[in-house]
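Thanks for coming. I'll go through one structure today, a few places at a time, starting with a helix.

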Amino acid sequence: QGEPVPPPNAVVTKTENDLAKALAVSGKKTPRQAKYPERPGYGTAGRPVTLYANYLPITLTSKPLSRYHLDIAADSAGRSAPVGKKARHIVKLLLNEHFSKEKQSIASDFRSTLISTVKLTEGKFDVRYKEDLDDDYPETPRVHVVTLQYTGDVNPVDLVNYLTSTNVSSMLESKEEIIAALNMIMGQHPKTDDGVVSIGANRHFSLRQDTMESFNLGGVLSALRGFLISVRAATARVLLNVQVKYIACYNQGPLAHVIGDFRNRNTYRLEKFLKSLRVRITHIARKNSRGEARHRIKPIHGLANRGDGGSASNPPKVPRHGAGPNDVEFFLDEAGPKSVPGVPGAPEPKSKRGKKPPKAGPAEAGRYITVAAFFKKEYNLAVDPNLPVINVGSRTNPVYVPCEVCEVEPGQPAKSKLSGDQTASMLKFAVMGRKPGQNAQSIVTRGTGVLGLGQPLNPTLTAFGINPSTELITVPGRVLPAPNVHYKDGNRTKTIRTMAGSWNMRDIQFSKPASMKSWSYLYIDQEGARPVFNSPDQLNKSLQAFRKTLRDMGMNVDPHKQGKRVVLTGKSDAADIEAAILDLQKVHNPVFILGIFYTKDTGIYNCVKQVCDVRCGIRNVNVLAEKIVNSNDQYNANVGLKINLKLGGANQALQQSDLGLISEGKTMLVGIDVTHPSPGSASSAPSVAGIVASVDANLAQWPAEIRVQSARQEMV
């Protein structure tokens with residue numbers, strides 16, 4: 001800010017111009033052959049500007065890179081081959097144990113591929129498993145066999161030569177392989193940084209206090225701001241694209257707080273919300289030689305349930321799903337603390353180097369004992385009887401702990417869909433009031449630190465000879481003049497000048513107003529809620545004012561028909577709403593129903609839309625009662641924009657000269673997208689493909705169509 005914006009890279013500009021000329025010459029020499037589309041030319045309209053783009057230039061090495069395929073077999077205990085975080089940890093152990101000297105010269109996707117600047121020994125490697133903070137391996141550790149196989153070399157300099165060439169017919173077969181290798185190298189540092197949580201291929205979020213940016217979403221979730229990076233091939237250079245990204249995570253801290261803030265008392269929904277959440281078990285803590293606490297990290301399998309450990313000779317006694325510590329009993333078959341370690345329900349841990357595991361005190365063996373009594377006797381820990389017992393083992397071999405000894409690990413993505421309030425909070429943090437310049441500032445300050453791009457370079461980039469800039473590139477752009485918007489003013493056309501993409505709707509009429517001959521309302525109230533309308537007469541006056549605004553905007557609107565008031569009790573809300581709409585359809589056969597809601601509620605909205613749009617074929621727009629009761633013309637006009645379009649009208653028009661080839665009436669604009677199942681959806685949930693298209697030269701109406709298809713299928 002306040003500093004002059006540097007001009008675009010002159011070498012890149014020259015190469016782009018040379019390529020454009022070469023393409024034009026090539027097209028003239030071979031007019032009948034297929035060719036690349038030519039750039040139509042440089043922009044001349046509007047005001048020229050120089051823009052920052054969220055790309056960082058990368059200087060690449062000329063060293064060849066060797067590629068290796070990784071295959072992680074099941075462990076010596078016969079468990080299935082590891083994936084996800086466990087596979088990532090095994091790759092780290094492989095590098096530490098077998099390639100410690102070459103480790104800085106190796107990058108990986110921590111799944112199936114290694115990239116190295118030096119030749120590595122191929123073959124099968126036994127990788128002993130240990131936890132992150134452990135100094136030594138267990139006496140009899142689990143062993144994973146990892147196979148390393150050389151698959152070829154790639155050289156980044158080939159990509160640079162290809163991108164700087166002005167030979168329009170040149171091709172580079174290894175382009176995608178080189179870019180994939182560079183993505184692994186750029187992501188190596190944040191993926192191996194304990195202060196950064198990495199999601200997917202290359203999304204990284206800082207957990208350090210000096211670089212972490214978070215926002216409380218409510219309902220035990222917080223939003224984290226982080227960065228997505230990807231290497232891109234561009235004209236005459238290789239760029240690192242850095243995008244600001246957001247993710248909803250579980251709040252770090254005591255599990256009891258998470259459960260206390262969870263707003264649904266249904267134990268099965270609570271279990272679904274908590275399943276696979278990683279927690280730190282805190283009631284027993286050993287330390288390594290560096291004095292660091294070595295708490296065990298365990299994923300939550302679920303809540304204590306009837307049938308847990310059913311195949312055991314003395315299975316646990318659980319009276320109901322989600323029972324508390326006073327009600328859940330397990331069989332104590334030998335003295336001393338158990339499981340993780342000290343958690344009842346699992347085998348005693350193996351000793352290391354002949355040392356006996358510490359015990360917190362004896363307990364009477366050979367009898368059933370409640371979880372509450374065990375933790376009181378062994379650890380002098382009083383637990384809340386109203387909180388459920390947590391199973392951090394499995395269904396067949398349960399490991400029961402009270403909530404009080406579980407701490408939620410930071411940076412874990414929420415698997416449930418955000419509520420309406422949480423979505424609003426996320427938008428407030430990520431979008432509203434946040435300008436592009438703030439994102440740019442985040443990238444060049446916090447982002448370069450989190451991603452390890454600043455000076456001094458991190459060891460991986462140094463070993464690979466890669467030097468990224470910490471300054472965003474600049475590109476040429478143009479600010480085009482905004483088109484004027486045309487409305488009706490009686491029999492004349494009224495021209496509105498726009499300002500920053502907005503304009504005032506006062507004293508204007510739609511360019512093509514629709515008719516609304518038969519319409520009614522559906523007022524949805526809540527039992528016991530504070531009344532918004534003091535009387536039916538006040539509601540009628542608000543609807544009359546609403547009708548007046550629509551008529552002033554040119555619509556032909558008759559007085560409303562008598563509507564329905566539905567009072568929700570929580571017992572049969574959906575059925576009551578549907579019955580009211582069907583009754584309005586039977587009595588009035590309206591072309592439009594105005595929904596008036598007592599509060600924002602996604603469930604009510606979806607129900608009304610489902611009945612009106614899908615089952616009855618009645619057009620519908622919904623408003624809040626508190627907005628319509630004292631509404632002004634501006635608010636009513638904004639609602640009228642939606643209604644006029646739904647009834648087939650056109651709100652505004654542009655001059656034919658501003659529409660270009662669209663004005664000829666021979667071009668259709670089409671938008672298409674696929675929405676995939678959101679977090680927390682059923683396993684059978686499909687993907688939904690949607691399409692909209694223009695149907696006239698004025699771009700006024702955009703009919704839509706949706707279809708369901710196989711889950712996660714991108715093709716339509």
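This is a predicted model: local features need pLDDT of at least 70, side-chain atom pairs count only at pLDDT 80 or more; totals for chains, interfaces and linings use all residues.

Now the ends of H6. At the N-terminal end, Asn-266 is the cap, with a side-chain oxygen 2.8 Å from the backbone nitrogen of Tyr-268. Just after the helix, Ser-276 has a positive phi of about 75°.

E11 takes us to the next place. Strand E9, residues 203-206, is joined to E11 by 2 bridges, and the two run antiparallel. Within that pairing, His-204 is opposite Phe-227 of E11. E9 also pairs with strand E8, residues 196-199, again in the antiparallel sense, over 4 bridges. Here Ile-199 is opposite Arg-203 in E9. E8 and E9 form a hairpin with 3 residues between the strands, and in it Gly-200 takes a positive phi near 65°.

In what order do its 4 strands lie? The order is E29-E27-E30-E31, and the sheet is open. E29, 564-568, and E31, 619-624, are the edge strands; each has a single partner strand, so one side of each is left without a neighbour in the sheet. From one strand to the next the twist averages 20°.

E27, residues 519-526, pairs with E29 over 5 bridges in the parallel sense. Asp-525 has Val-567 in E29 as its bridge partner. Helix H13, residues 602-616, packs on the sheet and touches E27, E29, E31 and strand E30, 592-597. The direction of H13 makes about 160° with that of E31. Helix H15, residues 633-646, packs on the sheet as well, touching E30 and E31, and its direction makes about 165° with that of E31.

Ser-694 lies between strand E33, 687-693, and strand E34, 704-709. Is Ser-694 buried or exposed? Its relative accessibility is 2%, and buried means under 20%, so Ser-694 counts as buried. The side chain of Ser-694 reaches the backbone nitrogen of Leu-669 at 2.9 Å. Setting aside neighbours within four places in sequence, Ser-694 is in contact with Thr-667, Met-668, Leu-669, Leu-699, Gln-701 and Trp-702.

To finish, the whole protein. The secondary structure comes to 16 helices and 34 strands. The C-alpha trace spans about 95 × 75 × 50 Å along its principal axes. Of the 716 residues, 39% count as buried. Among contacts with a separation of 6 or more, 67% come from residues 24 or more positions apart. The accessible surface is about 38,500 Å², and 51% of that belongs to carbon and sulfur atoms.

Notes: Residues are numbered from 1 along each chain as its sequence is written. Side-chain values use heavy atoms; hydrogens and water are left out. Two strands pair if DSSP finds at least two bridges between them. Axes are lines fitted to C-alpha atoms, for helices over the stretch in contact, and angles run from 0 to 180 degrees between N-to-C directions. Contact means heavy atoms within 4.5 Å. A polar contact is a pair of N or O atoms within 3.5 Å; within protein, one must be able to donate a hydrogen and the other to accept it, and residues adjacent in sequence count only if both atoms are side-chain atoms. Buried means under 20% relative accessible area, exposed over 50%, partly exposed in between (1.4 Å probe, protein chains only). Accessible areas come from the Shrake-Rupley method with a 1.4 Å probe; for residues, only the protein chains shown count as cover.
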